[in-house]
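Morning, everyone. Please look at the sequence and the model on the screen. I'll walk you through them briefly.

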Amino acid sequence: MDRNQSLLHLFLAFLRLGTTAFGGPAMVTHIKQLTVKKKQWLDEEAALHGIVLCQTLPGAIAVNFASYAGYRIRGIAGMLVSSIGFTLPAFFLMLFFSAVYEMTHTVPVVSSLFVGLEIIVISILVHAIYILGEHSLSTAGDAAIALISALALLLKTPPLMVLLGAGLLGIVLYNSSETVPTSKRVRLSPSFRHAISLAVLFFVSCFCLFLYDMKLFDLATVMSKIEIVAFGGGYAALTLMAHEVVEARTWIDSKAFIDGIALGQLTPGPILITATFVGYFIKGLQGAVVGTIYMFAPGIVLIPLTIPFFDRFITS
């Protein structure tokens, strides 16, 4: 692995990738090709281990993997510049789309356009549910958990309670002692201090928002909560986001939220960039910045926190 890349080079590489990366989970493949085959910054083993780790963490898998790759390459600074570079193009595009949407969405022609886009979004979400279900629902126990969770959501049970209940059911149904095959040691073990420093910075920034503007503080805590409990990638997080911003807090209506998802499909990068759209409608530019940062920050903090444990696990 090459650890001597400049931070500017790393930032520009991920910025270019973030400008052209479409396709949801396919973005993980693009990151792997960049870091392993094209730039040779990581070896194949480290990249595969990173994909496994990021799939077990909550939040946007592609952003998590970009952060993981940056951390392996240049430590904490590399993690920050790679994650920022990867998400920046989508942020600026969504910011532009949000401003245009606010000014034009009541125009009849534009309104009719978004009706068509909303249908496409629903189709994409249904397809995503099918793909996830095809790979995840392989036993009767899987189907039972999915059915019970779906019924609970239809009965307006808070999604967080549904997630916790599904986890408890999983413990009951799948309590086994299966072991995972071990693998070779991954080099470049990161420091636990990095995670502590980032966590402290995260909570200090939340406290500053609390003192500055309660609305921005609420936005930050809601987006962070969504990220922390959103296992299964961006589409799972969208369900939680809809509950929090449309149903629980009524910050925006359901039509505007679906329109935001549609605009997110037009941008490169993670689907959770919808947080920029939501933040913009709540508090303008400040809301867009806060919503975006706190949607992805918890997942980024978890990368250096979990890598040491993951390294120890795969070498045990």
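**Contacts, helices and cysteines**

Let's start with contacts, meaning heavy atoms within 4.5 Å. Of the contacts in the chain with a separation of 6 or more, 73% join residues 24 or more positions apart.

A word on the source. This is a predicted model, where local features need pLDDT of at least 70, side-chain atom pairs count only at pLDDT 80 or more, and totals for chains, interfaces and linings use all residues. Residues are numbered from 1 along each chain as its sequence is written, and side-chain values use heavy atoms, with hydrogens and water left out.

Now the secondary structure. The chain has 12 helices and zero strands. Helices here are DSSP runs of H or I, at least four residues; strands are runs of E, at least two; numbering goes from the N terminus.

Next, burial. Of the 316 residues in the chain, 47% are buried. Buried means under 20% relative accessible area, exposed over 50%, partly exposed in between, with a 1.4 Å probe and protein chains only.

Take α10, residues 234-248. Its 15 residues reach 20 Å from first C-alpha to last, close to the expected 21 Å. That expected span is 1.5 Å times one less than the number of residues. Among its buried residues are Leu-238, Met-241 and His-243. After α10 comes Thr-250, with a positive phi near 50 degrees.

Last, cysteines. How many disulfides does the structure hold? Zero, taking a disulfide as a pair of cysteine sulfur atoms within 2.5 Å. For Cys-208, the nearest cysteine sulfur belongs to Cys-206, 9.3 Å away. Cys-208 is partly exposed, at 44% relative accessibility. Cys-54 is buried, at 0%.
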